[in-house]
Amino acid sequence: MATSILSSTNIQNISENALDDNTMFIPTMLANKPTIPKQFFWPKSDTAPATGILDAPIIDLQGILTGDASSIEKQVDALRVTCKTHGFFLVVNHGIDTNILNETLDHAAEFFTMPLETKLNIVQKKGSMSGYSGAHSERFSDKLPWKECLSFKSGGSIEEFMGSSLGKEFEPMGLVYQKYSEAMKKLTLSIMQLLGLSLDVGKDYYREFFQDCGYIMRCNYYPRCPEPELTQGTGAHSDTVALTILQQEEVEGLEVFTGGAWQSILPVPGSLVVNIGDTFMAMTNDIYKSCVHRAVVNRHSSRRSIAFFVIPRDNKVIRAHDSLIGPNGKRLYPDFTWSELEEFTQKYHRVDENTLKCFAQRLRLLGSSSSE
Ligand code: OGA
Ligand code: NI
């Protein structure tokens, strides 16, 4: 059984088949060609268009930020309903300065439209979660996503990383990303309070758990695409992290698979999109849902999004609160840590809609073989 998971095509994709000259697969350099290379093709079953618009609730954070109990209750109720259904919602009155939001998007545009040679100076190295990646072609050879990314993992100064990789003149850009990540971390803790209230485990339970959390911040750039119906910007997946806070610019592209159909989340200026990830779903014993989503691309304009992925500190044990199991209930996941899940996605499984299920299966197998 263990070998059937280990020999899945996902693993071969990750370890063996990355493209040799991956500089040929840079979407910004292919945007003006009439067609796209076949390595960007996705199966027809993956590219079915969205058929509706998701009615994602808008959660007003004013109450939790100011401590106004009467307005918190309404938000908590709305949050509970959406998290039990698909886990996607928008937040407004989040307290984040619009200048920080806009400047971060502007700097992302500036970065991704620079010459490839410059971007390669900060290229993501094997085993690292920080740096530039073009279509992930250094890791995969098929179903390439039509996007370029710049990622930063918590644990060091983004300003210094940008400066030392690209030159001192990039430090101000790094500082903008750094400030964005700090603002998002603060916002995370407010959202965690609402989530705690909504699950009746107390306002501070998740806030404390995530007090010293880490993050991966990822700027996504989806250039215009000559054949958008054949490819994906980000293919169907659920986020493996605890929580994602996404800023999307005013170009449609984010879609969620719920109610048996792909549904768009339209951009609402000034709002941020939040969704529950696999790790938080496991922490609630599946009461809250981490839902499959994707980003599609289009013929007419590029699109930027900034994803802030919240992760527990590497060694924190992820385990559902006893009150969420119920008296006769069953724990759906073995205990795990973020480092174990991250290693799984780096070595064994290309992130997709089945990541958590396959990871839990592997944990159980490893657990049963070690206790034999
Ligand atoms: C992601 C993601 C959606 C988007 O980065 O995990 O789902 O709209 N992005 O960029
Ligand atoms: Ni995602």
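**Lys143 and beyond**

Modeller: Let's start with Lys143, which counts as partly exposed because its relative accessibility is 28%. Keep in mind that this is a predicted model. Lys143 sits in the loop between strand S4 (131–134) and strand S5 (148–153). Most residues other than glycine have a negative phi. Asn93 has a positive phi too, about 50°, and is not a glycine either. That one is in the loop between strand S3 (88–92) and H6, and at 39% relative accessibility Asn93 is also partly exposed.

Lys143 forms a salt bridge with Asp46, with 4.0 Å between the closest N and O atoms. Asp46 belongs to the loop between helix H3 (27–30) and strand S1 (52–53), while Lys143 is in the S4–S5 loop, so the pair ties together parts 97 residues apart in sequence. Asp46 is partly exposed, at 22% relative accessible area. The cut-off for such a contact is 4 Å, and by that rule the count comes to 12 salt bridges.

Another of these pairs is Arg299 with Glu229, at 3.2 Å from N to O. Arg299 lies in the loop between strand S12 (293–295) and S13, and Glu229 in the loop between S6 and strand S7 (234–237), so this pair ties together parts 70 residues apart in sequence. Arg299 is partly exposed at 39%, and so is Glu229 at 43%. Then there is Asp322 with Arg331, where the closest N and O atoms are 2.8 Å apart. Here Asp322 is exposed, with a relative accessible area of 55%, whereas Arg331 is partly exposed at 26%.

Nine of the nine residues of S13 (303–311) are buried, so the rest of the structure largely encloses it. Arg303, Ser305, Ala307, Phe309 and Ile311 point one way, with Arg304, Ile306, Phe308 and Val310 pointing the other. S13 runs antiparallel to S6 (214–222), joined by nine bridges, and antiparallel to S8 (243–248), joined by six. Val310 is the bridge partner of Tyr215 and of Leu243.

Note on methods. Residues are numbered from 1 along each chain as its sequence is written. Chains are lettered from A and ligands numbered from 1 in the order in which they are written. This is a predicted model: local features need pLDDT of at least 70, side-chain atom pairs count only at pLDDT 80 or more; totals for chains, interfaces and linings use all residues. Side-chain values use heavy atoms; hydrogens and water are left out. Buried means under 20% relative accessible area, exposed over 50%, partly exposed in between (1.4 Å probe, protein chains only). Helices (H or I, at least four residues) and strands (E, at least two) are DSSP runs, numbered from the N terminus. Two strands pair if DSSP finds at least two bridges between them. A salt bridge is a side-chain nitrogen of Lys or Arg within 4 Å of a carboxyl oxygen of Asp or Glu.
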